[in-house]
Amino acid sequence: MSTDLSNDDRFQPINLFEYEKLAKEYLSQITLDYYSSGAWDEITLRDNRAAFERVKLRPRILVDVSDVYDGRSCRNLTTSILGQPLQLPLLIAPMAFQCLAHPDGEVATALAAASAGVGMVLSTMATKSIEEVATASDKFPDSLQWFQLYIHKDRGLTRALVEKAYKAGYKALCLTVDAPVLGQRERDRRNEFALPLDLHLANLASISGLDIPHEKGESGLFTYFAQQLNPAVTWHDLEWLQSLSPLPLVIKGILRGDDAVRAVEYGAKAIIVSNHGGRQLDGAIASLDALAEIVAAVDGKVEVLLDGGIRRGTDILKALALGAKAVLIGRPILWGLAVAGQAGVSHVISLLQDELNVAMALSGCAKLQDIDPSLLTLPRL
């Protein structure tokens, strides 16, 4: 896996925190604030990380772990999501406007994901088109690519997006349900965030001419959501959405067990436990803290994934031990993309893979199936 990160070899990141630090040198302040900010006081944003730090590991000893790590290289960490193989229990979360980080944007991210055998969820708000991203991964026919969807007030636009994703070969629709309105991200408001004139919403602009407005005294994205997205969406709209294509439906943004049960009843094939990276309702529960309740509630009927706060291989281990089938990672991918494009994203994925292997070996887990709740000590409430 190529890790030719830049022409400047003075500093090579060896973990995701160092990537974040280095990315600040490559991004404008407005872009950095957009990528890194959370809603209001950013309590939930910080708690997504703190939740992993509260959970402690109880390693098993004297276990033959040579199948997972031999001191020199990683072993088999393959799994599957909705029947599709992954080389690592990892997907790249849907993130908007990736061309703000690097000119290749979502195409570079998709290539890095496909070459590493991990999944990618393409955002509705992408700056590369559904077709461009799909075509970039053509030489990886088994790659897991999902399309993330917001339901717009214009049902015809929503239908067109679904049809484009299905025609391009995406394997699932990932409906984000935690954004009936956009959370108030004060850094974006202060910056009057909008896309530069040379960047556009690749799919929405081509279908309906929609783009992020420039708004005096307000985030253009906040205005876009208020004008275009449908805050009246309910459970019954899931039936309409599923009628548009045979793609399985994944629901992203669930934090309660009763909502998870209802999602299954309405046909969801997988659930992503997520608080939108702390960018929606500030003060909401950390994703990791919601995971066990949701896993218990669905009782194996659907696969459960976790999004939010992943920065180390030990974080992945903890999420899997609480019942997640895989995890999604967001912001660190953007840091890698900003630093070195596709190579930076590939290196971020590689670092997590290496860390998960070492964490499993040190925890006495020779394979993914050995990871269970007995490895954890949970904080007392």
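Predicted model: local features only at pLDDT ≥ 70, side-chain atom pairs only at ≥ 80, totals over all residues.

Helices and strands here are DSSP runs, a helix having at least four residues and a strand at least two, and both are numbered from the N terminus.

Modeller: Leu368 has its place in the loop between helix H14, which covers residues 331-363, and strand S12, which covers 376-377. When neighbours within four places in sequence are set aside, the contacts of Leu368 are with Leu77, Thr78, Thr79, Pro89, Leu320 and Met360. For a sense of distance across the chain, Gly105 lies 263 residues from Leu368 in sequence, and the C-alpha atoms of the two are separated by 32 Å.

Cys365 is buried as well, with a relative accessible area of 0%, and Cys99, at 10% relative accessibility, also counts as buried. If you were wondering about cysteine pairing, a search of the whole structure finds 0 disulfides.

One of the contacts of Leu368 is Leu320, and helix H13, which covers residues 313-321, also holds Asp315. Asp315 is buried, since its relative accessible area is 2%, and beyond its neighbours within four places in sequence it is in contact with Arg49, Phe52, Gly309 and Ile310. Ile310 is also among the contacts of Leu328, a residue of strand S11, which runs over 326-329. Leu328 is buried, with a relative accessible area of 1%, and its contacts beyond four places in sequence include Leu91, Ala93, Pro94, Val121 and Ile272, together with Leu305, Leu306, Asp307 and Gly308. In the case of Gly308, the separation from Leu328 is 20 residues in sequence and 7.2 Å in space, taken from C-alpha to C-alpha.

Most residues other than glycine have a negative phi. His276, however, has a positive phi of about 65°; it lies in the loop between strand S9 (270-273) and helix H12 (287-298), and it is buried, with a relative accessible area of 13%. Glu192, in the loop between helix H7 (186-191) and helix H8 (202-208), likewise has a positive phi, near 50°, but Glu192 is partly exposed, with a relative accessible area of 31%.

As for the chain as a whole, its secondary structure comes to 14 helices and 12 strands, and 58% of its 381 residues count as buried. Its radius of gyration is 20 Å, which agrees with the value near 21 Å that a compact globule of 381 residues would have, and its C-alpha atoms fill a box of roughly 60 × 55 × 45 Å along the principal axes. Among contacts with a separation of 6 or more, 75% are between residues 24 or more positions apart. The chain exposes about 15,900 Å², of which carbon and sulfur atoms supply 51%, and it carries 37 positive and 46 negative side chains, the centres of the two sets lying 3 Å apart.

Technical notes: Residues numbered from 1 in each chain as written. Heavy atoms only, no water. Disulfide = S-S within 2.5 Å. Buried < 20%, exposed > 50% of the residue type's maximum accessible area, 1.4 Å probe, protein only. Rg over C-alpha atoms; globule rule 2.2 N^0.38 Å. Contact = heavy atoms within 4.5 Å. Areas by Shrake-Rupley, 256 points an atom, 1.4 Å probe, with all protein chains shown as cover. Lys, Arg positive; Asp, Glu negative; His and termini not counted. Charge placed at Lys NZ, Arg CZ, Asp CG, Glu CD.
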